[in-house]
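Subject: Handover of a structure model

Dear colleague,

Please find the structure below, handed over for your use. My findings follow it.

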Amino acid sequence: MSRVERRRIVVRGTVQGVGFRPWAVRQATRLGLAGHVGNAGPDLIVEIEGTADRLDAFVNTIRLSPPPLALVGEVEVAGIGPLGVAGFDVCPSEPGLSTAAVAVPADVATCDACLAEVDDPADRRHRYPFTNCTDCGPRYTIIRALPYDRATTTVADFALCVDCRREYEDPGDRRFHAEPIACGACGPSLKWEAEGASAVKEEALAAAVACVVAGGIVAMKGIGGYHLIVRADDAAAVGRLRQRKKRDEKPFAVMVATAEVASTLVELSAAARAELTSPRRPIVLARRRPVVNATLASGIAPGSPDLGILLPYSPLHHLMMAAVGAPLVMTSGNRTDEPIAQSADAATRQLADIADGFLHHDRPIHVRCDDSVVRASGGRVQVVRRSRGYAPSPIRLPPMPGTGLASVLAVGAELKSTVSIASGGAVVASHHLGDLEHPAAYEAFEAAVAHLLSLTRVDPDVVAHDLHPEYLSTKWAMAADRPLVGVQHHHAHVASCLVDHGRADPVVGIAFDGLGFGHDATLWGGEILLADLRSAQRLAHLRPVALPGGAAAIREPWRMALTWAALAVGPEAAAVLGPDLDDRWEQVLALAAAPSTFRTTSGGRLFDAIAALAGGRRTISYEGQAAAELETAAVLYLDSAEATDPDVADAWVGTPGAEPWVLDPSPMIADALARRLARRSMGEISATFHRALAGGLVRASVLLAKRAGVGTVALTGGVFQNMLLTDLVAEGVTRAGLEVLVHRNVPPNDGGISIGQAAVASACQ
Ligand code: ZN
Ligand code: ZN
Ligand code: FE
């Protein structure tokens with residue numbers, strides 16, 4: 001008979017809140033091993049004894065086929081003296097045994113087994129809206145502290161009933177140690193409140209359903225905050241929602257019951273479908289199918305060829321969808337620009353004159369979390385807002401020998417803010433926090449920093465920040481009394497793309513975005529860098545142009561059209577164009593010519609200029625709107641019968657001289673202006689511009705890559721949310737024989753900046 005040995009196994013990674021402990025009990029029992037398993041800090045610790053071959057089998061199972069939601073990093077095994085124990089159980093969590101690894105689970109959409117129970121009239125959880133198990137349910141949004149235990153979540157105050165306790169304590173039950181376990185007898189419940197009416201539980205749901213069916217607007221509390229919902233097939237209801245939310249044009253997302261319904265509304269590639277149905281359940285932006293649009297109110301995404309679709313991700317969503325029997329508009333429960341409402345008080349206060357009724361529940365939300373958004377095009381998907389379901393799952397940093405030992409807090413940029421912590425070879429990024437200039441978003445920023453630091457128990461060695469002195473995140477870092485690492489904005493963008501691909505080698509990065517502070521204290525945004533995780537060198541940039549009126553130039557794209565026309569073609573051209581754009585054209589031209597006016601190399605502002613030249617809107621109501629509509633026009637045009645293969649103007653004038661090269665898009669401006677005067681369509685102007693810009697970027701980046709001796713081009717920055725531009729540049733670079741890196745799981749926009757900062761600061765330590 002072989003000798004009995006005992007081993008202590010430490011498992012790092014995403015190992016808590018993913019059903020790891022009950023899974024370990026089942027595996028150990030199957031193999032006839034004795035001992036215990038428990039959470040310790042962010043790790044999982046198993047002490048286990050038996051014969052060597054069986055212990056090896058146990059460790060191999062952890063490495064090779066762990067529970068489906070787990071992400072196993074390091075597995076550390078040490079031999080210790082056998083104790084001669086029998087049986088295998090879960091021991092209480094040991095707090096404080098901190099390691100560098102971080103492991104807070106993300107929220108998980110309701111699993112099929114739980115759904116089956118909710119649908120089963122004979123089950124004790126029939127129609128219970130908060131059903132969950134070890135494989136599904138809220139996590140990040142309800143966890144107050146680690147170790148992940150019921151006592152450290154927002155459901156701690158719901159005492160378990162006898163039946164739930166039995167399931168929770170039975171190693172053979174699929175709810176063994178499901179921390180947020182609940183049922184109708186002991187768990188959270190619904191409450192309806194409307195003008196002169198209130199109800200609880202089933203009646204609350206029925207009242208909310210009746211309100212929605214009748215065309216009402218309901219504020220419904222979900223996993224990460226409140227949503228405003230209306231029937232998506234009721235044009236009047238959608239119109240009322242727009243009017244009351246003061247949201248004129250920004251597209252709404254639509255929740256449909258199944259992926260089959262979704263595929264009747266939008267074109268779903270295999271990758272898009274996989275993401276849509278994943279336990280992360282993001283909003284998937286995909287091309288709509290024109291034929292069946294009649295089933296949705298036209299006011300949902302006016303003029304857009306894309307539609308944002310999502311599937312139910314909590315039992316409450318499933319019950320609501322089934323009862324209403326129609327797709328639902330689901331939009332965040334906030335006033336425009338404010339963060340999503342999190343508590344009943346905030347919802348009632350913020351949404352009183354928007355919602356006709358409130359469907360509350362009493363499971364507190366500890367972390368407010370918006371729906372995540374991924375964009376699907378061709379066969380690709382790209383995360384553009386990484387929040388519920390994704391945050392705070394760790395992202396592995398590329399291995400960099402001799403570095404990465406320091407822990408980093410990275411505070412991100414200003415818009416689409418996120419914060420990140422790098423430690424132990426991984427980055428944990430927060431949920432989407434919003435635009436920091438809004439006081440509530442800034443509060444969320446401060447709360448997210450404190451919460452992530454306490455969850456991960458990281459005491460950061462350095463704080464990484466943007467170079468922009470006016471960003472509130474930078475000011476916060478300056479006041480933090482820690483060693484600082486300033487990371488240039490576009491270097492952070494390129495680094496975020498490298499992290500997305502697990503790479504650390506030098507690449508030529510095309511970083512095009514709105515605005516970012518440069519090393520020369522001017523506003524950059526149309527940059528080609530030679531960069532790795534440690535350093536970046538500016539190889540080329542767009543020709544600088546005035547930003548007349550600063551923030552006003554961002555809100556009013558016509559200002560950029562006029563300024564570019566004057567610069568690229570001349571004052572006569574601007575004088576012809578000006579009266580057509582705005583009464584204030586002469587003042588703006590004077591402002592543009594003034595030496596004190598800021599100059600920028602922004603790629604985003606170039607898109608604004610072309611959009612206004614092409615006949616698009618002169619002012620915008622949300623960030624990136626003009627560029628999004630310009631892309632749309634090109635996409636629709638290229639799909640249409642009238643599409644010709646217009647001559648593409650040569651992208652850049654002049655021969656590049658000393659570095660950094662200046663890329664002058666004047667020929668594109670001149671071309672757009674000429675087509676405008678010839679009354680060509682916005683689609684044609686836009687398509688021509690997209691091709692010219694892509695051609696120019698390909699030529700410049702390939703030349704620069706060859707000179708620098710690198711074989712890879714990375715596409716990053718908010719402008720590369722534009723899938724048409726991305727496809728055109730990626731094709732060109734690939735045709736030239738180089739490798740191209742496109743964002744996948746890390747947003748190309750400023751939501752990815754903190755991840756890039758964390759990687760750079762960690763590589764530099
Ligand atoms: Zn479940
Ligand atoms: Zn119960
Ligand atoms: Fe940016």
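**Surroundings of Asn722**

Beyond its neighbours within four places in sequence, Asn722 is in contact with Arg375, Phe607, Glu631 and His690, where contact means heavy atoms within 4.5 Å. Asn722 sits in the loop between strand S29 (712–716) and helix H22 (723–735); helices (H or I, at least four residues) and strands (E, at least two) are DSSP runs, numbered from the N terminus. With a relative accessible area of 6%, Asn722 is buried. Buried stands for under 20% relative accessible area, exposed for over 50%, and partly exposed for values in between (1.4 Å probe, protein chains only). From C-alpha to C-alpha, Asn722 and Ala627 are 8.2 Å apart in space, although 95 residues apart in sequence.

**Basis of the model**

This is a predicted model, in which local features need pLDDT of at least 70 and side-chain atom pairs count only at pLDDT 80 or more, while totals for chains, interfaces and linings use all residues. Residues are numbered from 1 along each chain as its sequence is written, chains are lettered from A and ligands numbered from 1 in the order in which they are written, and side-chain values use heavy atoms, with hydrogens and water left out.

The chain has an average pLDDT of 92, and 95% of the residues score at least 70; pLDDT is the predictor's confidence in each residue, from 0 to 100. Over residues 95–101 pLDDT stays under 50, and the model has 19 contacts beyond four places in sequence for them. Where pLDDT is low, the predicted coordinates should not be read in detail.

**Metal sites**

Four cysteines coordinate the zinc ion (ligand 2), namely Cys161, Cys164, Cys183 and Cys186, each through SG, at 2.2 to 2.3 Å. Donors are N, O and S atoms within 2.8 Å of the metal (3.2 Å for Na, K and Ca); water is not among the atoms, so sites may look incomplete. The angles among the four donor atoms of the zinc ion run from 103 to 118°, and the site is tetrahedral. Four donors count as tetrahedral if all angles lie between 85 and 135 degrees; four count as square planar and six as octahedral if opposite donors are over 155 degrees apart and all others between 65 and 115; anything else is irregular. Along the chain, the zinc donors are spaced C-x2-C-x18-C-x2-C. Cys164 belongs to helix H4 (residues 162–169) and Cys183 to the loop between H4 and strand S6 (190–194), so this pair ties together parts that are 19 residues apart in sequence. Cys164 and Cys183 are both buried.

The iron ion (ligand 3) is coordinated at 2.1 to 2.2 Å by His489 (NE2), His493 (NE2), Asp513 (OD) and Asp750 (OD). Its site is irregular, with angles of 88 to 174° among the four donor atoms. The iron donors follow the spacing H-x3-H-x19-D-x236-D in sequence. Because His493 lies in helix H13 (residues 489–500) and Asp513 in strand S23 (residues 507–517), the pair ties together parts that are 20 residues apart in sequence. His493 and Asp513 are buried.

In helix H16 (residues 571–581) the buried residues are Ala573, Ala574, Leu577, Gly578 and Leu581. Seen down the axis of H16, these fall within an arc of 130°, so they line one face of the helix; the arc is that of the directions from the helix axis to the C-beta atoms. They pack against helices H15 (557–568), H17 (585–593), H18 (603–613) and H20 (666–677). Glu572, Val576 and Pro579 are exposed on the other side of H16.

Helix H9 (residues 315–324) is largely enclosed by the rest of the structure, because eight of its 10 residues are buried. After H9 comes Gly325, with a positive phi near 70°.

**Two further residues**

Arg380, in strand S16 (residues 380–385), is partly exposed at a relative accessible area of 26%. Not counting residues up to four places away in sequence, Arg380 touches Arg375, Met723, Thr726, Asp727 and Val742. Gln625 has its place in helix H19 (residues 625–639) and is buried, at 0% relative accessibility. Among the contacts of Gln625, leaving aside neighbours within four places in sequence, is Glu249.

With kind regards
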